[in-house]
Amino acid sequence: MCGIQNVTRKQGTYYYRKLIRLGADKPFRLRLSLKTTSRRRAALLAPALTLICERVTMNMMSKMARDGLTGAQRAEIYRRQMLVERDRLEAMHASLHILPPDDHEDIGKALTLRLGASEMAAQDGAMQGKVEDFLVARVDPDNDDEPIVIVAWSDLAASIEHEGAEDAAVARLAEIGLEQSALREAMARKVVNEARIVAIREFREVLANPGAAYAPVPITEYQPAPQYPAVPVTPAAPVPPQPAVAGPWASMTPTEAVEKFFAHNPRTGGADGTASKSGMKPWTAKTREQFRLPAQFLEEVMEGRPLAQVTHDDLVTLNHCFQNLHGATFRKSKRQREMTIFEIVAEYAAKVFALVIFSIRLCIDGLTRDWRRGFLSVLEIFAMIVSAGAPSTRNRQTEIGMVLRDCFER
């Protein structure tokens, strides 16, 4: 020690060190060099820095005390978030009726799992200020044979379109016209999580008693309904079908999706193929081309439609094309690299057809007339089998049959 408060000396240079605490937050230590070897100059700089630190700390503490949310503001955020959560929970329940989840065959069990996981995440957010990813398990105590379902919270949150508390807090602050600050956002996040906890518990009560979600309907004596003149019903205008996927992915083709993947992953080389992740080599041009090629073929099979509209028939057609390719010579020539997958498959089928015709002629040239006639029907069936997977099947089958008959009639 050098005898000066908050100052230490190391290798002849004086350093200023001070522990600073802001409210209940974890304290942090300020350490900086005074850039002097003079004890007299260090003795003058240290008190000045201490005074500045105390003044800044007091200003920040007073600002933090005035920068929070009032009770009325918290109540308004709570009210707005409750309305949002009620609609979100109802929409989530209805979506399970339309698209059953993968983790459960029983919709009731799937809903119970999602409600429990959402409540646990909201409790962590209200208590800890943030939500770490965790595993959710559902066990039926009454049925030992039922399998245990374990799902990560991040997967469940994505499947139920769960909005993060940070985004929800910022949105509520903007709705009531308040400027953002660290303290206001933290308080708003806490209110958002509290509203989610209450909304989930309220939703469970509504499931047990559906009438609790609506105002009571008075019971009156029966009165005949008034008669009104018939009004012609005007048919509503048809609603255009909405895409199943929203955002840019709704209109993105397979090759565009691959380029987007390249741009968002530096390890692949980025958009131009030159980017790289620290400590890792980027993909080579050959690897990028091999990754891009299946997407290109899928786009050709889909005839330019967006990737979001892919069907099972498209995948079956693409698989059929792959089965009819010749791996040893596939895309080896420059001419073939400029062809579509349908053109390549048709070219291979034509070569196989020519090879079959040539082989048949070589085989039957050495047979006698009786042998030729005897095997005519068998070879015609063989011709049907050979031409079954080729384009223009009926024409090629007829052509093979004509060649066989010509050979046997000689």
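Helices (H or I, at least four residues) and strands (E, at least two) are DSSP runs, numbered from the N terminus. By that count the protein has 14 helices and 5 strands. The model is predicted: local features need pLDDT of at least 70, side-chain atom pairs count only at pLDDT 80 or more, and totals for chains, interfaces and linings use all residues. Residues are numbered from 1 along each chain as its sequence is written, and side-chain values use heavy atoms, with hydrogens and water left out.

Start with the whole. Of the 410 residues, 31% are buried, where buried means under 20% relative accessible area (exposed is over 50%, partly exposed in between; 1.4 Å probe, protein chains only). Contact means heavy atoms within 4.5 Å. Among contacts between residues at least 6 apart in sequence, 53% join residues at least 24 apart.

Now turn to helix H2, residues 71–98. Its 28 residues reach 41 Å from first C-alpha to last, close to the 40 Å expected at 1.5 Å a residue. The expected span is 1.5 Å times one less than the number of residues. Buried residues of H2 include Ile 77, Gln 81, Glu 85 and Arg 88. Their cover includes helices H3 (107–128), H5 (165–175) and H6 (182–208).

H3 comes next. Its 22 residues should span 32 Å at 1.5 Å a residue; the end C-alpha atoms lie 31 Å apart, which agrees. Among its buried residues are Ala 110, Leu 111, Arg 114, Glu 119 and Gly 125. Just after H3, Gly 129 takes a positive phi of about 90 degrees.

Where do the nonpolar residues gather? A nonpolar core is a set of buried Ala, Val, Leu, Ile, Met, Phe, Trp, Tyr and Cys residues joined through side-chain atoms within 4.5 Å. The largest has 14 residues, and Phe 297, Leu 318, Leu 325, Phe 330, Ile 341 and Ile 344 have the most contacts inside it. Helices H8 (285–301), H9 (312–323) and H11 (341–365) each supply at least two of its residues. A second, separate core of 11 residues includes Met 82, Leu 89, Met 92 and Ile 200.

Finally, confidence. pLDDT is the predictor's confidence in each residue, from 0 to 100. Its mean here is 77, and 76% of residues reach 70 or more. Over residues 388–394 pLDDT stays under 50. Where pLDDT is low, the predicted coordinates should not be read in detail.
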